[in-house]
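Please look over the sequence and the 3D structure below. The briefing that follows takes them topic by topic.

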Amino acid sequence: MLGFLMNLESELFTLQDSNAKLVAALHEANANVEQWKKQLVAYQEETERLRDQVKIYATFKLCAMWQVQENQHDMLKDELTQSLEELENLLKAKDGHRIHVSASLNVFQELEMRNVELERRVQNTEQNLASALQDRERAENEVQRVIQILDVKIFDLNDLRQSLVKLISK
């Protein structure tokens, strides 16, 4: 009987020791879970901050492209207006005065050359506008891609959080 009691006492001490180790491991696991929760919150805050920065960047880039397009349009409009005024002035001068045929030919040739140059510039501006629109579309696509990546990361973080909650509740 004494041997049986000693075995029970030995088993009790072993169980108490195991219990103490399990309690320590549980406390450590709880501390790790708390740390993971803090990291998760930090990741979520960083994700929101990055998402806001992406939105700000996209908005800034679009505004800059629109401003460039507007400035190019205004410059072209000013040049065309100036050319039109020059043509009107030449017509008035022709009506008011008899210009020598050779001078008229020279002016006409100069205007023709200027017209060709302006047409070339219009084409370049149209190409620049098309290129800017393509850049804008690429930027929007890139923003969408970054947002999708961030959504996947958030989903992964939420899965991790749910797994940690399940682990804590077990």
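Gln-39 has its place in helix H1, where helices (H or I, at least four residues) and strands (E, at least two) are DSSP runs, numbered from the N terminus. This is a predicted model, in which local features need pLDDT of at least 70 and side-chain atom pairs count only at pLDDT 80 or more, while totals for chains, interfaces and linings use all residues. Residues are numbered from 1 along each chain as its sequence is written, and side-chain values use heavy atoms, with hydrogens and water left out.

**Overall make-up**

- The protein has two helices and zero strands.
- Helix H1 covers 2–96, and helix H2 covers residues 101–169.
- Of the 170 residues in the protein, 12% are buried; buried means under 20% relative accessible area, exposed means over 50%, and partly exposed lies in between (1.4 Å probe, protein chains only).
- Accessible areas come from the Shrake-Rupley method with a 1.4 Å probe, and for residues only the protein chains shown count as cover.
- Among contacts in the protein with a separation of 6 or more, 93% are between residues 24 or more positions apart; a contact means heavy atoms within 4.5 Å.

- Gln-39 and Leu-157 are 118 residues apart in sequence, and their C-alpha atoms are 9.8 Å apart in space. Gln-39 is partly exposed, because its relative accessible area is 34%.
- Asn-32 also has its place in helix H1. Asn-32 counts as partly exposed, because its relative accessibility is 30%.
- Leu-133 is found in helix H2. Along the chain Leu-133 and Trp-66 are 67 residues apart, and their C-alpha atoms are separated by 9.3 Å. The relative accessibility of Leu-133 is 39%, so this residue counts as partly exposed.

**Salt bridges**

- Side chains of opposite charge can pair when their charged atoms come close.
- The structure holds seven salt bridges, a salt bridge being a side-chain nitrogen of Lys or Arg within 4 Å of a carboxyl oxygen of Asp or Glu.
- One of them joins Asp-17 and Lys-21, whose closest N and O atoms are 3.5 Å apart. Both residues lie in helix H1, and the four residues from Asp-17 to Lys-21 make about one turn of the helix. Asp-17 counts as partly exposed because its relative accessibility is 39%, whereas Lys-21 is exposed, with a relative accessible area of 56%.
- Another salt bridge is formed by the side chains of Glu-34 and Lys-37, at 3.7 Å from N to O. Glu-34 and Lys-37 are three residues apart in helix H1, about one turn of the helix. Glu-34 is partly exposed at 40% relative accessibility, and Lys-37 is partly exposed with a relative accessible area of 36%.
- Arg-49 and Glu-46 also form a salt bridge, and their closest N and O atoms are 2.5 Å apart. Arg-49 and Glu-46 both lie in helix H1, three residues apart, or about one turn of the helix. Arg-49 has a relative accessible area of 38% and is therefore partly exposed; Glu-46, at 34% relative accessibility, counts as partly exposed.

**A nonpolar surface patch**

- Met-1, Leu-5 and Leu-8 make a nonpolar surface patch of about 350 Å². Patches are made of residues with over 30% relative accessible area and no salt bridge, with like charges joined within 9 Å and nonpolar side chains (Val, Leu, Ile, Met, Phe, Trp, Tyr) within 5 Å.
- Met-1 is found in the segment before helix H1. The relative accessible area of Met-1 is 77%, so this residue is exposed.
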